[in-house]
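Keep the sequence at hand as you read.

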Amino acid sequence: MDRPQPGARLLRLRGPGVQGLTGGPLRLGLRVGSPLSHLHPTNPCTPPARRTHRPDPTSEDSTMTNVTVIGLGIMGLPMARNLIKAGHDVVGYNRSRDKIDQLEEAGGKGASSVADSVKSADVVITMVPDSPDVEGAVTGPDGVFEHAKPGALWIDASSIRPDVAARLSKQAAEKGLRPLDAPVSGGEQGAIDGVLSIMVGGEAADFEAARPVLEAVGKTIVHVGPSGSGQTVKAANQLIVAVNIQALAEAIVFLEAYGVDTDAALKVLGGGLAGSKVLDQKGQKMLERNFDPGFRLQLHHKDMGIVTAAAREAGVTIPLGAVVAQLVGAAVGRGDGGLDHSGLFKLVEELSGRSGR
């Protein structure tokens, strides 16, 4: 057995173009210790190749898969559409019928219940708001665990507590399923464009089996460790994003107070060390005061609760994260939870006495 080494290293997986020395596909996995893991490729001599195109669903090498998507919201519906485009047979379930209708218009099939949706699925993807929603979908007499066929992959793309992800993964394995926690980052536009960043926890072999499906919805796809690890990395992601949104909001209020050409300012800031995807995707929304939701503040509030609780449990101090978590909570408390998380800007304006300017 490999012994874990300090210093986890993550590998960006770019798709099926990687070849080993023998000409076959190079299989990558992690031998995981606690709390850190190390990379253990079967062939360390060959670097990963960049995926330049999606698999052609009409080619002989294509893998046609029956995929069920449970939760057809802001993220789940575009993900399901991209799975259809990649050639998979997609069945969807959602509590509101209009989302199912939209899936059917895109070429998918609707289901009347969770149980009905998963009965023929090779892969089941859950994309719902919170830990209780995931538990409600997968446990109980009408849930995924009772009705999915043995050997099916269960991929939870929701953002939930790492401990809940680990517990549900164990229950899924006991039912003969292959669980992966695979939360995503990239927001609504990333889901539409199929370029999500996906952080995956679970068995390395299950990750490899799921890769063709994950590649239909994501661009940066990384196995980060055992069950629960994907959710831990997602919590860190949400911490970084929230702090960046707060800093950007403060910077724009500051620039506007001095009458600077803010469009020009964001352009030059974006080209320097201050540049970020948060600036690129959220800066203009703040300038225009357009907070139509791509990722709602109330969901980021939930995620900040996850990361602050997990940090406390680990004995880790996150002072900036704690302050921003309170600011996000205040924005939600004042009734802005349905806005995009860039709507945190409104609170910064108010605290600066510049609301409505």
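The largest nonpolar core of this predicted model has 33 residues. A nonpolar core is a set of buried Ala, Val, Leu, Ile, Met, Phe, Trp, Tyr and Cys residues joined through side-chain atoms within 4.5 Å. Buried means under 20% relative accessible area, exposed over 50%, and partly exposed in between (1.4 Å probe, protein chains only). The residues with the most contacts inside this core are M79, L83, I125, I155, I198, V200 and L214. At least two core residues come from each of several elements, including β3 (66-70), α1 (76-85), β7 (153-156) and α8 (204-214). Helices (H or I, at least four residues) and strands (E, at least two) are DSSP runs, numbered from the N terminus. Helix α1 gives the most to this core, with five residues.

Take I155 as an example. Leaving aside neighbours within four places in sequence, I155 is in contact (heavy atoms within 4.5 Å) with V123, V124, I125, T126, L180, A182, A210 and L214. In soluble globular proteins, nonpolar side chains tend to be buried together. A second, separate core of 30 residues includes V253, F291, I306 and I318.

Next come the charged pairs. A salt bridge is a side-chain nitrogen of Lys or Arg within 4 Å of a carboxyl oxygen of Asp or Glu. By this rule the model has 16 salt bridges. One of them joins R97 and D101, with the closest N and O atoms 2.9 Å apart. R97 and D101 are four residues apart in helix α2, so about one helical turn separates them. R97 is partly exposed at 44% relative accessible area, and D101 is partly exposed at 31%.

D122 and K149 also form a salt bridge, with the closest N and O atoms 3.0 Å apart. This pair links distant parts of the chain, 27 residues apart: D122 lies in the loop between α3 (114-118) and β6, and K149 in the loop between α5 (144-147) and β7.

Are D303 and K302, which meet in a salt bridge of 2.8 Å from N to O, buried or exposed? D303 is buried at 3% relative accessibility, and K302 is buried at 15%. Elsewhere, salt bridges that share partners join R334, D336, K346 and E350 into one network.

Residues are numbered from 1 along each chain as its sequence is written. In this predicted model, local features need pLDDT of at least 70 and side-chain atom pairs count only at pLDDT 80 or more, while totals for chains, interfaces and linings use all residues; side-chain values use heavy atoms, leaving out hydrogens and water.
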